[in-house]
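Please read the following report with the sequence and the model side by side. It takes up the ligand and its surroundings, then the pocket, and lastly some backbone details.

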Amino acid sequence: MRPPSVDALARDIADVGLPHPLLVDAARRAIAAGEPESARRLAGALARSLLQPVVNATGVLLHTNLGRAPVAVSCDSRYANLEFDLATGRRGSRRHHAGALLARAAGAEDALVVNNCAAAVLLVLAALAVDRAVVVSRGELVEIGGGFRVPEVMAQSGARLVEVGTTNRTRRADYAAAVAADDPALLLKVHQSNYRIVGFTESVGVRALSELGVPVVADVGSGLLDAAVPWLASGPPAWVAEEPAVRQTLDDGAALVTFSCDKLLGGPQAGVIAGRSDLVARCARHPLARALRPGGLVLGALQDTALSYLRRDGDAIPFWRMAAVPVPVLRARADAVAAGAGRRVDVVDCESVPGGGTVPGLVIPSAGVALDGDHADALRAFDPPVIARVHDDRTILDLRTVDPADDAAVAKAIASLS
Ligand SMILES: *Cc1c(COP(=O)(O)O)cnc(C)c1O
């Protein structure tokens, strides 16, 4: 029998819903492999590899592989005053919405938004310390997920790294000696984020560093805006206690603070440089700023996040809304999911984690459902894909990270298991 033509086969699998050229690719590969009947499977696999919503039942609130903080983006095809001043009709600045509002919310003089925190650190070093020394403790020369390595970022920026202290102990005198010997442009303090050094340790806080007469840049990473967490009626949860906060770090004397927007800030992927307006302005003037700036979609979503902080409305920020749900509420939802699952499912207490390289070792009590066996693959193949975790041959679905609107889909996915 003659193999079907590529075009006929591609038209045969049109119901997969992909554009014709992609169906042609699948058909061509299937025919080349001598298995024309595999074309539909290949096209389906391609469709599933495209960016799409998933149900996060892992209990990891800031899941790096699932896009960290979930955000709502309202995007219709409209023009916006991205760089246009509606008061004067002249050119405006894209710094005057999200950045200005975040600065206001954090108590900073000014702020500049870039693509992520790695870009923020790179720009600060390039703009303020090229060919100059920057002093960092050896305990803070860390690597943070996805290859952000402090010494490598520093090398790219053109700043010269001056290491002080040891892995576990760095003292004020170590910094003071480097200030005297190397005439540094900056002292850089990097939050260790995803790991802890415990035991015989010593480090120097931002307040003490700020007394040494050199601007202190604190890369706090997670973007906890205020240690008092005024946007939650219930106040600061126990698990934020050790996380450095933007407002307090600035109060302690940091000249600049850098942080991610898609970790504890709960916004879209972006990074912020906040603090002294003269230093922020120098960062904004540097040629790299143009290459590292986000677009209107991100700035719009970030503006919404900043407005929610200014309204003290943690409920409007999906990360904080999910992080603050009381366990009894999750248990009641788990009861309903179990009842709708049409098979033996246990309601269980479990532990969520903030994730995203923040607060390592700390957990948030939670609740969900569990069933015997490893069903991760089948749940992932469901539409919408449900991402669960497996422990001791039990599949656990933590409801803290699931939008209540998706509970019915979770129950259906479980009911669909063979
Ligand atoms: C997460 C983190 C970064 C990297 O942030 P991205 O926004 O992912 O680039 C940098 N520094 C610290 C301290 C972090 O925690």
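A backbone N or O atom of Ala118 lies 2.8 Å from an oxygen atom of the ligand, which counts here as a polar contact, that is, a pair of N or O atoms within 3.5 Å. This is a predicted model, in which local features need pLDDT of at least 70 and side-chain atom pairs count only at pLDDT 80 or more, while totals for chains, interfaces and linings use all residues. Residues are numbered from 1 along each chain as its sequence is written, and side-chain values use heavy atoms, with hydrogens and water left out.

The contacts to ligand oxygen atoms include these:

| Residue | Protein atom | Distance to a ligand oxygen atom |
|---|---|---|
| Arg68 | polar side-chain atom | 3.0 Å |
| Ala118 | backbone N or O atom | 2.8 Å |
| Lys263 | polar side-chain atom | 2.7 Å |

Of the 390 Å² of accessible area that the ligand has on its own, the protein covers 93% (Shrake-Rupley method, 1.4 Å probe). The residues around the ligand, taken as those with a heavy atom within 4 Å of it, include Asn116, Cys117, Ile144, Phe148, His191 and Asp219. Helix 5 (117-129) and strand 9 (216-221) are the elements that give two or more residues to this shell; helices (H or I, at least four residues) and strands (E, at least two) are DSSP runs numbered from the N terminus. By class, the shell has 4 nonpolar, 5 polar and 3 charged residues.

The ligand sits in the largest pocket, in the sense that more than half of its atoms lie within 2 Å of the pocket's grid points. A pocket is an open set of points on a 1 Å grid over the protein atoms alone, where a 1.4 Å probe fits, with protein on both sides within 12 Å along at least five of seven lines, and lining residues have an atom within 4 Å of a point. The largest pocket has a volume of about 1,200 Å³, the space filled by probe spheres set on the points. Its lining comprises 45 residues, of which Leu66, Gly67, Arg68, Ala69 and Pro70 lie nearest the centre. Helix 13 gives the most to this lining, with 3 residues.

Two backbone details remain. A cis peptide bond, with omega about 5°, joins Asp383 and Pro384, and Pro384 lies in the loop between helix 15 (376-380) and strand 14 (386-387). Val229, in the loop between strand 9 and helix 9 (246-251), has a positive phi near 45°.

Technical notes: Polar contact = N/O pair within 3.5 Å; in protein donor to acceptor, adjacent residues only side chain to side chain. Nonpolar A, V, L, I, M, F, W, Y, C, P; charged D, E, K, R; others polar.
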